[in-house]
Amino acid sequence: MARATLSAPVNKAANPRKGMPKWVWALPPVAVLALVFLYPLALVVQQSVQPDTGGTSLKPYADVFASSAFREALGTTVWLALGATVGCLVLGFALALVIAFVPFPGGKAVAKFIDVFLSFPSFLITLALLFVYGSVGMANGLWTDVTGAASGPFQFLTTPWGVLLAEITYFTPFVMRPLLAAFSQIETAQLEVASSLGAKPARIIRQVILPEALPALAAGGSLVLVMCLNEFGIVLFTGAKGVTTLPMLVYSKAILESDYPGACVVAVVNVLISVGLYGLYRVVSRRAGA
């Protein structure tokens, strides 16, 4: 009897806010998200349909889509992003294999350095490449000192290949980090059994390691692809002539040409491509998990 009489007040006190809906707790983060992100994005979309002549029209979209500069920037952005993604996947997979499965002094320190590398700004890596391979960099300076030539042979950083090299150098750790996490879950007993049965390293990588690494490769590759599509600092700091990506086109239209509706149109297209790729990745990953 005493237990029954004591249980009622305890249960009543356990739910002091029973009448407050749960969705109320979602209002503060939603309000902050709307103020910081959704409202500025809505302003960009609004500006993209308001030409300088006034009113509301799709003329800015027609003008931008009809321009050869936009088509060239779109093609350059896509091929640089795809090339950098493929390069990061191949190089990141190879380096992660060495760090995870080839014992060498300082391996743990290298793995920790990758985490630190992820915090570096992209322009810092680009500046480092310029110091080494730039027109007046260390490599060209050494060449001119030895040969007496007027200029060195390393002039590729101001070309699309220089941008591609800088992006692969900077974004490869974004592939290596999930790969190292996936490799840490692989039991060494599986590798030892496969090796004892006569499997060569290439076959072990193809049949044992690669299937376990596919989700990490998909995650890292999709992240690199989206980030390369929106990369601005690397292209700007390399000073590559004739290399205009969509972010660079937004900058030139807004700052150099004062064409704000056109800049907003390019920005909207860039956002739609990024969101579309992310949605495609989510669908593919969901089907792969099923």
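Reply: The following account begins with the chain as a whole and then turns to the salt bridges and the nonpolar patch.

The model is predicted. Its secondary structure comprises 13 helices and zero strands. The radius of gyration of the protein chain is 26 Å, well over the 19 Å that the globule rule gives for 290 residues, so the chain is more spread out than a compact globule. Along the principal axes, the C-alpha atoms fill a box of roughly 105 × 75 × 35 Å. Of the 290 residues, 31% count as buried.

Glu257 pairs with Lys253, with 3.9 Å between the closest N and O atoms, and the side chains of Lys253 and Asp259 meet at 3.7 Å, N to O. Through these shared partners, Lys253, Glu257 and Asp259 are joined into one network. Lys253 has a relative accessible area of 11% and is therefore buried, since the cut-off for that class is under 20%. Its two partners are classed otherwise: Glu257 is partly exposed at 48%, and Asp259 is partly exposed at 23%.

The remaining salt bridge joins Asp63 and Lys59, at 2.8 Å from N to O. Both residues belong to helix α3 (residues 59-66), where they lie four residues apart, about one turn of the helix. An α-helix has 3.6 residues a turn, so residues three or four places apart point the same way. Asp63 is partly exposed, with a relative accessible area of 41%, and Lys59 is likewise partly exposed, at 47%.

The surface also carries a nonpolar patch formed by Phe123, Leu124, Leu236, Phe237, Tyr251, Ile255 and Leu256, which together have about 650 Å² of accessible area. Helices α6 (122-133), α11 (233-238) and α12 (246-256) each give two or more residues to this patch. The largest share, three residues, comes from α12. Phe237, one of the patch residues, is placed in helix α11 and counts as partly exposed at 35% relative accessibility.

Between α11 and α12 runs a loop that contains Thr244. Thr244 is partly exposed, with a relative accessible area of 32%. The C-alpha atom of Thr244 is separated by 23 Å from that of Tyr278, which lies 34 residues away along the chain.

Note on methods. Residues are numbered from 1 along each chain as its sequence is written. This is a predicted model: local features need pLDDT of at least 70, side-chain atom pairs count only at pLDDT 80 or more; totals for chains, interfaces and linings use all residues. Side-chain values use heavy atoms; hydrogens and water are left out. Patches are made of residues with over 30% relative accessible area and no salt bridge: like charges are joined within 9 Å, nonpolar side chains (Val, Leu, Ile, Met, Phe, Trp, Tyr) within 5 Å. Accessible areas come from the Shrake-Rupley method with a 1.4 Å probe; for residues, only the protein chains shown count as cover. A salt bridge is a side-chain nitrogen of Lys or Arg within 4 Å of a carboxyl oxygen of Asp or Glu. Buried means under 20% relative accessible area, exposed over 50%, partly exposed in between (1.4 Å probe, protein chains only). The radius of gyration is taken over C-alpha atoms; the globule rule is 2.2 Å times the number of residues to the power 0.38.
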